[in-house]
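Work through the exercises below with the sequence and the 3D structure at hand, and try each task before reading its solution.

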Amino acid sequence: MLRCIERPILVHVLVLALCVSAGDDDFHWTKNERGPFHYGTFPTGFSWGAGSSAYQTEGAWNIDGKGMSIWDAFAHTKGKIYLNDTGDSSCDGYYKFKDDVNLMKDMKLNHYRFSISWPRILPNGLKSEHINEKGMKYYDDLINHLLDNKITPIVTLYHWDLPQVLEERYGGWQNISMVNYFNDFANLCFERFGNRVKYWITFNNPWSVAVEGYETGEHAPGLKLRGTGAYKAAHHIIKAHAKVWHTYDTQWRSKQKGFVGMSVSADWGEPVDLSNQRDIEAAERYVQFYMGWFATPIFNGDYPQVMKDYVGRKSAQQGLGVSRLPVFSPQEKSYVKGTCDFLGIGHFTTRYITQKNYPSGRGSSYFTDRDLVELVDPRWPDPGSEWLYSVPWGFRRLLNFIKTQYGNPMIYVTENGVSEKMQCTELCDDWRMLYFRDYINEMLKAINDGVNVKGYTAWSLLDKFEWDEGYSERFGLYYVDFRSKNKPRYPKASVQYYKRIISSNGFPNQREVESWKRKAGELCSSSNQLLAADPLIGHMEMVSEIVVPTVCTLCILLSAVFLMFLLRIRF
Ligand code: NOJ
């Protein structure tokens, strides 16, 4: 039984069909081998990490000369974020980065993925106007501290926090001028940090920037330019990425010897009925409109053919003279092609996909352009975010698809993880341990299939601001107590579990792996007790920080009044 995501539809029965023959370089849609759990280890040198992003964790939104980002402005607008939460202080990562590096060290992480806040270092967005040295120092210190602890920084340049000035003055990613401004910002980062940072991600999840920022308006800057806004934003983002890659390639690569990639969001789409060619085509469209939209231009030089066909046809049916999907000129195609040293993958979940014809008459939108319906199997676990179902086998399918589409590129998994609801203060997160175990195992199988995955980043190191969902969805390995002024971090059981995967570089054997969950569970109950005591600690903090000083001040005042009174009586 499948549950429909968008609207009710006849339930399709999933039938495994005979394998249709395909060349070695083609993706075998009909061959979905699930297989049992695989015991084995990862290649030597495989990099294990955890991730975060600036707006989600740093806080200090207006400290030390930082400018405003579109997310500051958006979150400060009532009604945009769940419970009107903001990232104003979040985890206070700006102040607590040394503590956080200690957590990473304890887990023996090989890398840490974080992002640089553009307005923290360029408050007006423009390099020509003002460089905020205090902001630069923060990232300098963070990078140095990571390296001192033998943790490789993987740095994202754009994790959604565009300087607000650029949105106000130019319309943000709707405007081609962002390409040069972003390039100036990136160039400054290469110049100042590139002697120590070797892995650069230009854009994180550009799909969300384009669709949620400029099509549905759920994310900053909150524009609803349906059917056009997302395509235009994406076009400029791809060009900006290419420009930054060329800047690195021509000006810095020979000295700094690093890599520049993009991190795309890539959930998997599985045909509902593997014996139905139309379902297979719909599933491929889902993946192409999602990941392929960005990955195909930067590897192959143009948008996926299926996007050009579908958006073009719909635009024509709507009486438009040109497609709503912008076009790359021949020069732009060759400029954009091959601008990816590695592909970053943010993967969380899977959908079943089936064909659906949306009438193209009224209104246009990215979603109706795709002509498909997303379904989920209600048996899939969904412990946290509404959209996030745990479907580990989809991960292996996705990774194999990437291998066939883009010539087996170097891949870093830049995000993978699962959330829980805000109310949940349970640190013994069994479901997260299972999620990590099974997703990481599917990644191992994909590596054995020949996919070139070099590193894995658990999302995320800490609980943090989850965009329009505020603090209601917790993705962290570490629980953050946002109620407490100090924002203490508590390890969830999955910290212990992930540590064991890291120290074994995989899954050594059944007996050992089976003992991990139990051992992690034993440790987390003491953390649970600490967390339970936290309101008490918070109460004690209040007593020592507010009540005691207030009472003392009152006593001093009263004594002074009393003394004056005595003196008056005497004289
Ligand atoms: C992808 C985004 O890049 C990240 O910031 C977010 O926390 C995760 N999705 C989970 O929603």
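**Exercise 1.** Determine in which sense strands β3 and β4 pair, and over how many bridges.

*Solution.* In this predicted model, begin by locating β3 at residues 47-51 and β4 at residues 111-115. Then follow the pairing between these strands, which is parallel and extends over three bridges. As one point of reference, G49 has H111 of β4 as its bridge partner.

**Exercise 2.** Trace the closed barrel and give the order of its strands.

*Solution.* Going around the barrel, the eight strands follow one another as β3-β4-β5-β6-β7-β9-β12-β14, and their pairing is parallel. From one strand to the next, the twist averages 25°. Next, turn to helix α7 (residues 178-193), which packs on the sheet and touches β5, β6 and β7, while its direction makes about 160° with that of β5. Finally, find helix α15 (residues 430-448), which lies across β3, β12 and β14 and runs at about 170° to β14.

**Exercise 3.** Explain why β6 is described as largely enclosed by the rest of the structure.

*Solution.* Start with the neighbours of β6 in the sheet: β5 pairs with β6 in the parallel sense over four bridges, and V155 stands opposite W200 in β6. The pairing of β6 with β7 is likewise parallel, over four bridges, with F259 in β7 as the bridge partner of Y199. Then apply the cut-off for burial, which is under 20% relative accessible area. Six of the six residues of β6 are buried, and therefore the strand is largely enclosed by the rest of the structure.

Conventions. Residues numbered from 1 in each chain as written. Predicted model: local features only at pLDDT ≥ 70, side-chain atom pairs only at ≥ 80, totals over all residues. Heavy atoms only, no water. Pairing = 2+ DSSP bridges. Helix = DSSP H or I, 4+ residues; strand = E, 2+ residues; numbered from the N terminus. Axes fitted to C-alpha atoms, helices over the stretch in contact; angles between N-to-C directions. Contact = heavy atoms within 4.5 Å. Buried < 20%, exposed > 50% of the residue type's maximum accessible area, 1.4 Å probe, protein only.
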